[in-house]
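Please go through the sequence and the model shown below.

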Amino acid sequence: MTQPLPQVPSIEPELTGVRNFRDVGGLPTVDGRRVRHGRLYRSGHLAHATGEDAAFLAGLGLHTIFDFRNSADQKLEGPDVDLPGVRNVNIPLSDPADGAEFWTMVRDGDLDQLRSILADGKAAARMTASYRTIIKERTAEHSRVLHALAEDSVPALMHCAAGKDRAGLSIAVSLLAVGVEREAIEEDYLKSNDPHRRYKVRRSDSSSAGMSPEVMELLSPLFEARLDYLSAAFETIEETWGSTERYLTEGLKLSDETRRRLRERLVDEG
């Protein structure tokens, strides 16, 4: 049997080059237990980590970093900083605003162009649809992550670009698998809206016109964590599989034994 890892107190450092970092330890499960601290972390990308950031992350004793960015993300932001002895696993998930042309317009487009692709609820609708798609079409990827956690990949850090959508959904699925209360999952998800966690919006036109209140309002659905998005993911689970249990067993192919090992690794004994 694997030796139990020592309990690590919840720490939320002020990282300089890594946004949206946090330990999901402490979240309550439906059977009255809690997620262990120091087992599962989430963040934005690690490409801009400073030396001090990297030293902190290296000190967490991570086994695996799951990077859900695609090649376009990595080209834009760069590869993750190397952490000695840590396995980096890239499992690309669809960008919620997928498409190079779309992101080019977000970063370079003028107000009229942005209105054409984002106004009148189009941006929020795009995000909602993407959450549904990731749940329905990325079961193999989420299954792979959960089986890895059950086997040997803890402590683990999950990230995408902003640490909000792809990492947020992957964390949510992982927490569902070990019985975390849905309200607690939602509360953790919404922490990505805290000002110090927010992804820094990049615009080629950094003038007052290019970053005007109307432009930022048009962009906000892309860069906010909205409960409607996560609710759409949960609704998709119910609509597609009928229940969370069937989603876990049939959609993600999790056996009782795998789920037991997941709980053993991620949840306090109680």
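The account below moves from the whole chain to the sheet, then to the helices and a few backbone features.

This is a predicted model, in which local features need pLDDT of at least 70 and side-chain atom pairs count only at pLDDT 80 or more, while totals for chains, interfaces and linings use all residues. Residues are numbered from 1 along each chain as its sequence is written, and side-chain values use heavy atoms, with hydrogens and water left out.

The secondary structure of the protein consists of 12 helices and 5 strands; helices (H or I, at least four residues) and strands (E, at least two) are DSSP runs, numbered from the N terminus. Of the 270 residues, 52% count as buried, where buried means under 20% relative accessible area, exposed over 50%, and partly exposed in between (1.4 Å probe, protein chains only). Among contacts between residues at least 6 apart in sequence, 76% join residues at least 24 apart; contact means heavy atoms within 4.5 Å.

Strand β2 (residues 40-43) then pairs with strand β5 (residues 156-159) in the parallel sense over 4 bridges. Within this pairing, Leu40 is bridged to Ala156 of β5, and Tyr41 has Leu157 of β5 as its partner. At the other end of the sheet, β3 and β4 pair in the parallel sense over 4 bridges, with Val89 of β4 as the bridge partner of Phe66.

In a regular strand the side chains alternate between the two faces of the sheet. From β2, Leu40 and Arg42 point one way and Tyr41 and Ser43 the other way, and all are buried. From strand β3 (residues 64-67), Thr64 and Phe66 point one way, Ile65 and Asp67 the other way, and again all are buried.

Leu149 is buried, with a relative accessible area of 0%. Leu149 and Arg265 are 116 residues apart in sequence and 7.9 Å apart in space, C-alpha to C-alpha.

Pro155 is found in the loop between α6 and β5.

Two packed helices are described by the angle between their axes and the distance between the axes. The axes of α5 and helix α9 (residues 213-223) come within 8 Å and cross at roughly 10 degrees; axes are lines fitted to C-alpha atoms, for helices over the stretch in contact, and angles run from 0 to 180 degrees between N-to-C directions. That makes α5 roughly parallel to α9 (angles under 35 degrees count as roughly parallel, over 145 as roughly antiparallel, 65 to 115 as roughly perpendicular and the rest as oblique). The contact is made by Ala123, Ala124 and Met127 of α5 and Leu218, Pro221 and Leu222 of α9. These residues divide into 6 nonpolar, no polar and no charged (Ala, Val, Leu, Ile, Met, Phe, Trp, Tyr, Cys and Pro count as nonpolar, Asp, Glu, Lys and Arg as charged, and the others, Gly among them, as polar).

In helix α11 (residues 244-251), Tyr247, Leu248 and Gly251 are buried. Seen down the axis of α11, its buried residues fall within an arc of 110 degrees, so they line one face of the helix; the arc is that of the directions from the helix axis to the C-beta atoms. The cover over these buried residues includes α5 (122-137), α6 (139-151), α7 (166-177), α10 (227-241) and α12 (256-266).

Lys253 lies in the loop between α11 and α12. Its phi is near 60 degrees, a positive value in a residue other than glycine, and Lys253 is exposed, with a relative accessible area of 57%. Asn20, in the segment before β1, has a phi near 65 degrees, likewise positive in a residue other than glycine. Asn20 counts as buried, at 3% relative accessibility.

Key: Pairing = 2+ DSSP bridges.
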